[in-house]
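Biologist: Before we use words such as buried, paired or shared, could you show me the model and explain what each word rests on?

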Amino acid sequence: MNAFRYAQAHDAASALATMASDPGAAYIAGGTNVVDLMKDDVVRPTLLVDITRLPMRGIDTLPDGGVRLGALATMSEVADHAAVAARFPAVAQSLLLSASPQLRNMATIGGNVMQRTRCAYFRDVSQACNKRVPGSGCAAISGVNRQHAVVGGSKQCICTHPSDLAVALLSADAIVHVRGRSGDRAIPIDRFHVLPGTTPQRETVLERGDLITAVELPATASARTSFYLKVRDRASYEFALVSVAASLDVRAGTVRAARLALGGVAPIPWRSHDGERALVGKPANAGTFAAAAQAATRGMRGYGQNDFKIALAQRAIVRALSQVGAPS
Amino acid sequence: MSVPRMTRRRFLRRAALPTIAASLGLGEPRLSAAAAAVASITVLPAQGPGAIPVALTVNGRVYELRIEPRVTLLDTLRERLALTGTKKGCDQGTCGACTVLVDGRRTNACLTLAVMVQGKAVTTIEGLADGNRLHPMQAAFIEHDGFQCGYCTPGQILSAVALLSEKRPTDEASVREWMSGNICRCGAYPNIVAAVRSVAGQNA
Ligand SMILES: Cc1cc2nc3c(=O)[nH]c(=O)nc-3n(C[C@H](O)[C@H](O)[C@H](O)COP(=O)(O)OP(=O)(O)OC[C@H]3O[C@@H](n4cnc5c(N)ncnc54)[C@H](O)[C@@H]3O)c2cc1C
Ligand code: FES
Ligand code: FES
């Protein structure tokens with residue numbers, strides 16, 4: 001790990017000013033991603049700005065049925081929160097299926113949506129990786145790519161986004177609240193992460209130094225009936241091969257509103273508008289769910305070792321939709 | 001404790017002055033109102049990259065050290081405080097051997113910077129027993145033979161203590177899930193689960 005300077009922030013304004021004062025500065029919250037990557041020299045900040053003492057850890061229930069998660073709320077705190085579990089089951093489930101109890105005690109909501117890919121080539125500085133060193137190539141495309149993307153990748157990068165939470169947030173129409181040097185803004189989660197294209201080093205719409213202050217879960221028609229399904233190589237403490245967050249508003253047997261999002265398949269948490277369109281207005285039954293699975297995976301393609309993810313995603317989608325849309 | 005101490009105020013003053021001056025120097029005419037507002041805000045005083053004063057509270061005792069900001073809690077415990085009960089398995093958050101309690105919450109010491117746990121209470125395996133009386137979880141691991149080589153054991157025990165204080169369900173499947181952050185290469189899982197469940201019964 002490189003040597004770095006350390007500063008502790010007590011208010012957002014000076015955290016932003018400090019980030020602006022040093023082009024090599026980075027925020028640290030739970031540290032579970034940034035410290036890990038620093039140990040392997042994947043990232044080498046010259047200054048760490050500790051934001052853990054900023055007053056943005058609260059979890060507030062909103063009068064209209066929504067919930068506002070402070071960016072520093074830990075994954076454990078959010079998963080254990082009764083209103084989150086009741087109003088946004090997929091969000092709570094995605095957290096309980098993530099990492100380990102220890103890591104969830106440390107890791108924050110803001111850090112979670114900002115975490116970097118687990119691609120082994122990104123994490124190994126001896127390998128080519130356009131995300132880590134733009135222009136150096138992508139060793140995964142012709143390498144060991146069992147974990148990699150089947151949709152949304154480019155000639156530059158086929159990594160997958162590792163966050164379970166971010167996939168569930170897509171099913172909840174979550175809004176990311178950000179404070180930057182020119183003020184506050186609210187970014188819908190489905191516009192927060194960006195595809196690699198020719199600039200895989202750019203992963204979100206945030207500008208350097210932007211601070212996530214909260215993630216808001218608005219009350220929506222379908223969020224209460226949502227479900228998160230995670231398929232992985234072992235029963236616990238493992239990232240997803242494929243995951244599905246589904247939320248459905250079913251009335252009189254007909255799907256009125258749907259959100260369908262996938263993890264483990266793309267460089268960003270993947271919202272399937274095609275899958276959603278195949279659901280809305282249709283009867284909530286097995287035929288509709290199978291058609292949605294087909295629509296959601298149309299156009300996906302593997303790189304050899306990860307071809308299995310396409311069939312796996314189809315089955316996982318059907319299972320998740322059946323779970324959440326089962327006539328009660 | 002032998003380290004010469006610098007008061008917090010003196011440190012802040014020394015560290016902050018040049019950076020404030022630098023940020024004010026930027027505040028010349030053409031800045032927008034928003035940028036000027038930011039420029040007039042204090043750039044935080046930074047410490048390091050060399051050794052800096054860090055006060056840690058471990059097992060109820062305060063240690064005043066000088067360490068670099070990049071040193072982890074795990075390395076500090078083992079290399080500086082000679083508290084080698086906390087183990088280093090993977091050093092990247094994937095095994096749980098380094099589990100300690102920070103303000104009562106189970107935490108991976110390998111991904112924690114020591115400088116960031118100042119003011120918090122750290123509990124390691126060395127701090128669990130009450131004098132010569134083992135903590136009930138330690139006694140249960142012995143009673144149920146919850147280990148073979150013992151390398152994962154301190155982390156397992158602290159994680160198990162936290163599992164109970166978090167009031168997690170203690171049926172077998174739940175104990176396995178809520179202990180899944182602690183890997184045992186020897187595969188002592190059946191006996192670990194039995195040990196944890198026996199203490200849960202005792203508390204119930
Ligand atoms: C062994 C292991 C297993 C894991 N398994 C899973 C899993 O199954 N599912 C899953 O979803 N995740 C998993 N994770 C990842 C974990 O959830 C993330 O590391 C964690 O959520 C990051 O949060 P943090 O607070 O620790 O972030 P940090 O490491 O502190 O920061 C991560 C990044 O976010 C930036 N950042 C942090 N907070 C803010 C903010 N408020 N505003 C702007 N930028 C910010 C930092 O600058 C840094 O770039 C695993 C991690 C490990 C080590
Ligand atoms: S040494 Fe910390 S988790 Fe393995
Ligand atoms: S007892 Fe050997 S690793 Fe668990």
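Modeller: Let us start with the elements: helices (H or I, at least four residues) and strands (E, at least two) are DSSP runs, numbered from the N terminus, and two strands pair if DSSP finds at least two bridges between them. This is a predicted model, in which local features need pLDDT of at least 70 and side-chain atom pairs count only at pLDDT 80 or more, while totals for chains, interfaces and linings use all residues. Residues are numbered from 1 along each chain as its sequence is written, chains are lettered from A and ligands numbered from 1 in the order in which they are written, and side-chain values use heavy atoms, with hydrogens and water left out.

Biologist: What makes strand 3 and strand 4 of chain B a pair?

Modeller: Strand 3 (residues 99-102) and strand 4 (residues 105-108) of chain B are joined by four bridges in the antiparallel sense, and the definition asks for at least two, so they pair. In this pairing B:Thr99 stands opposite B:Asn108 of strand 4. Two residues lie between the strands of this hairpin, where B:Asp103 takes a positive phi near 50°.

Biologist: Why is B:Asp103 called partly exposed?

Modeller: Buried means under 20% relative accessible area, exposed over 50%, and partly exposed in between (1.4 Å probe, protein chains only). B:Asp103 has 40% relative accessibility, so it counts as partly exposed.

Biologist: And why does B:Lys167 count as exposed?

Modeller: B:Lys167 has 73% relative accessibility and therefore counts as exposed. B:Lys167 sits in the loop between helix 5 (153-165) and helix 6 (172-178) of chain B, and its phi is near 60°, a positive value in a residue other than glycine.

Biologist: How do you know that helix 1 of chain A is mostly covered?

Modeller: Seven of the ten residues of helix 1 (residues 12-21) of chain A are buried, among them A:Ala12, A:Leu16 and A:Met19.

Biologist: What makes strand 9 and strand 12 of chain A edge strands?

Modeller: Four strands of chain A form an open sheet in the order 9-10-11-12, with antiparallel pairing. Strand 9 (226-231) and strand 12 (270-271) each have a single partner strand, so one side of each is left without a neighbour in the sheet. Strand 9 is joined to strand 10 (residues 242-251) of chain A by six bridges, and A:Tyr228 has A:Ala245 in strand 10 as its bridge partner.

Biologist: Why is the site of ligand 1 called shared?

Modeller: A residue is near a molecule if one of its heavy atoms lies within 4 Å of it. Residues from chains A and B surround ligand 1, so the site is shared between chains. Of the 35 residues around ligand 1, those that come nearest include A:Tyr27, A:Thr108 and A:Asp164.

Biologist: What makes the approach of A:Ala29 to ligand 1 a polar contact?

Modeller: A polar contact is a pair of N or O atoms within 3.5 Å; within protein, one must be able to donate a hydrogen and the other to accept it, and residues adjacent in sequence count only if both atoms are side-chain atoms. A polar backbone atom of A:Ala29 is 2.8 Å from an oxygen atom of ligand 1, and a backbone N or O atom of A:Asn33 also lies 2.8 Å from an oxygen atom of ligand 1. Taken alone, ligand 1 exposes 970 Å², of which the protein buries 95%; accessible areas come from the Shrake-Rupley method with a 1.4 Å probe, and for residues only the protein chains shown count as cover.
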